[in-house]
Amino acid sequence: MTRQPETDLWWKKTTVYQIYPRSFMDSSGNGIGDLEGIISKLDYVKDLGVETIWFSPFYTSPQEDFGYDIANYKDIAPEYGTMAICDRLIQEIHDRGMKIVMDLVLNHTSDKHPWFVESKSSRDNPKRDWYVWQDGKKPKGKAPPNNWQARITGSGWYYDENTDQWYWAQFLPFQPDLNYRNPEVKTKMFETVRFWLEKGVDGFRLDIIDSLYEDATFRNNPLSRHLLPSEDGVLFKSTKMTMHHPDTMIFVQELRKLIDEYSNPSRFLVGEVEGPMPTIKKYCGEVNNPGLNSIFLFETLGVKLQPKTIRKLLNKFNQYYPDPFIPTWVSSNHDIMRRISRFNNDLEIGKLNAALQLTARAVPYIYYGEEIGLQQNSIPLSDSLDAVVSRFKKLPKVLQKLLQKITSEAIHRDNCRTPMQWTPSQNAGFCSPSIKPWLPVSSGYQDRNVETMYSNPDSILHCYKRFLQIRKQYSVLTSGRMTLIASELLPKQVLGFSRWIKTSDVKEEVNIFLNFEDTLVEFSNPTASKNIIASTTIVRAENNEQKIILRPYEAIMME
């Protein structure tokens with residue numbers, strides 16, 4: 001596959017659109033989204049204005065965790081298509097001048113993967129040491145080897161009666177962790193990375209990459225003050241021995257060197273890393289010894305839309321990610337409550353959130369459906385298909401609700417993975433009205449769908465399109481620095497910041513103002529900008545050069 005060389009780091013300037021393949025578009029009539037369905041909608045994604053598509057996994061999988069339990073890293077799950085269709089998907093994306101990022105789960109496989117089937121068969125199998133096995137404690141080894149907790153609470157150790165040992169699984173029981181202290185495992189997984197790079201994949205999103213290595217001597221995790229999952233631990237146990245191991249930091253630097261071998265075009269890595277900012281920043285390495293190109297900064301997922309709070313977060317990002325590093329801005333994803341539903345499904349606030357995300361100094365990640373205000377569903381826990389829910393179904397309902405609230409609804413992920421809404425017809429155009437979709441369509445699809453919103457120039461969809469187009473036209477939004485406008489120059493409900501580039505004696509600058517309240521506000525223009533070049537609404541008040549007037553929840557960009 002021949003493509004022109006690039007002289008700049010495109011991934012720092014791109015906007016990424018996440019597609020959950022199972023829920024995007026069904027072309028086969030079985031109620032499950034697939035690769036052919038995605039191909040049929042690529043022109044829509046291109047027209048939206050994004051440049052890069054990240055796909056949740058569609059590798060061969062028993063689908064117990066809907067793709068994050070991989071049984072073959074080099075083939076495609078039959079419900080999604082074939083490798084030939086995948087090759088065509090990659091080509092179709094590149095033909096449109098776009099990039100493709102694959103989700104790669106390096107930490108664990110499915111327990112149905114042939115490697116684990118062999119590993120589990122006997123203690124002397126050649127692949128036994130491809131996974132993390134340990135003897136148990138207490139008489140006859142019937143207690144777990146240590147106190148390590150899984151990411152979703154409860155012990156992460158699982159007993160295998162056949163071989164009388166325990167295997168370690170950081171996430172779910174059917175997702176055993178690979179043992180990267182075995183050089184054969186590292187070699188095989190680097191080979192997997194090369195396989196997809198050779199096919200033309202432009203980058204990888206690395207699932208729970210912070211959990212790759214564990215303490216080599218299997219020491220207990222120290223005590224923690226936290227019951228629920230937090231930066232410091234879970235169920236009163238810290239994660240010191242099971243997350244952010246120094247050997248994981250070394251691994252990501254080795255992986256970066258591999259990625260950097262492919263420079264035509266350049267490739268990139270974005271990691272799913274959780275923890276306090278000083279810790280997760282380490283995954284990026286140093287300028288002369290780089291690690292991941294970028295990491296997801298999950299503070300944006302639940303941050304309140306308040307000027308003081310956003311100002312503090314933007315300052316924090318500037319502090320930890322000065323050039324040549326760059327932060328990310330993620331509003332929703334396949335594990336977390338949809339952002340619009342945190343705003344009581346208010347589309348005007350959704351527009352404000354979009355304007356902030358697309359003008360702040362960061363790489364924006366848009367989860368499919370955000371651009372139409374696709375809202376969180378409310379499927380009962382009893383009807384959930386999500387394997388995570390099985391860990392909590394036996395808890396009292398009061399505790400279930402408390403856990404859902406405190407953990408950002410992450411224990412019931414079905415509700416944020418519902419089908420994309422294309423039309424106002426039954427099943428929202430995701431699949432035929434006569435077919436039952438794999439998950440029920442969210443409420444409000446009659447109004448919140450692509451077809452209906454295309455016909456309304458003041459819709460949230462057109463707001464996304466406007467600001468995405470502005471990002472292409474103004475390089476300050478993708479390459480410029482950011483300076484916050486002093487809060488004393490603005491009303492209390494308004495946040496303002498400048499994006500700027502200075503070359504020689506020429507300074508290019510735009511200014512962004514966001515009104516975070518449901519009231520009209522008027523104030524003196526604290527900048528030299530005169531012309532409004534973008535707004536979240538097309539029904540706006542008239543401004544003059546001295547005064548700025550913002551409608552409720554309006555954001556504008558000026559030059």
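Modeller: Contact here means heavy atoms within 4.5 Å. Helices (H or I, at least four residues) and strands (E, at least two) are DSSP runs, numbered from the N terminus. This is a predicted model, in which local features need pLDDT of at least 70, side-chain atom pairs count only at pLDDT 80 or more, and totals for chains, interfaces and linings use all residues. Residues are numbered from 1 along each chain as its sequence is written, and side-chain values use heavy atoms, with hydrogens and water left out.

Biologist: What makes helix 11 and helix 14 a contact pair?

Modeller: Residues of one meet residues of the other. On the helix 11 side these are Leu347, Gly350, Lys351, Ala354, Ala355, Gln357, Leu358 and Thr359. On the helix 14 side they are Ile460, Cys463, Tyr464, Phe467, Leu468 and Arg471. By class, the contact of helix 11 with helix 14 has nine nonpolar, three polar and two charged residues. Ala, Val, Leu, Ile, Met, Phe, Trp, Tyr, Cys and Pro count as nonpolar; Asp, Glu, Lys and Arg as charged; the others, Gly among them, as polar.

Biologist: Why are helix 11 and helix 14 called roughly parallel to each other?

Modeller: Two packed helices are described by the angle between their axes and the distance between the axes. Helix 11 (residues 347-359) and helix 14 (residues 460-473) pack at about 15°, with axes 10 Å apart. Axes are lines fitted to C-alpha atoms, for helices over the stretch in contact, and angles run from 0 to 180 degrees between N-to-C directions. Angles under 35 degrees count as roughly parallel, over 145 as roughly antiparallel, 65 to 115 as roughly perpendicular and the rest as oblique. Helix 11 and helix 14 are therefore roughly parallel.

Biologist: How do helix 5 and helix 6 cross, and which residues meet?

Modeller: The axes of helix 5 (residues 183-198) and helix 6 (residues 246-260) come within 11 Å and cross at roughly 35°. This crossing of helix 5 and helix 6 is right-handed. Lys186, Phe190, Val193, Arg194 and Leu197 of helix 5 meet Phe251, Glu254, Leu255, Leu258 and Ile259 of helix 6. The contact of helix 5 with helix 6 holds seven nonpolar, no polar and three charged residues.

Biologist: Why is Cys86 called buried?

Modeller: Buried means under 20% relative accessible area, exposed over 50%, partly exposed in between (1.4 Å probe, protein chains only). Cys86 has 0% relative accessibility, so Cys86 counts as buried. Cys284 has 3% and is buried too.

Biologist: What makes Leu484 buried?

Modeller: A relative accessible area of 16%, which is under the 20% cut-off. Leu484 is in strand 18 (residues 481-484). Leaving aside neighbours within four places in sequence, Leu484 is in contact with Arg311, Leu314, Asn315, Leu495, Gly496 and Phe497.

Biologist: What stands out about phi at Phe66 and Asn345?

Modeller: Most residues other than glycine have a negative phi, and most peptide bonds are trans. Phi of Phe66 is near 45°, a positive value. Phi of Asn345 is near 60°, also positive. Phe66 is in the loop between strand 3 (59-60) and strand 4 (72-76), and Asn345 is in the loop between helix 10 (339-342) and helix 11. Phe66 is buried at 9% relative accessible area, whereas Asn345, at 22%, counts as partly exposed.

Notes:
Left-handed = near helix turned anticlockwise from the far one by under 90°.
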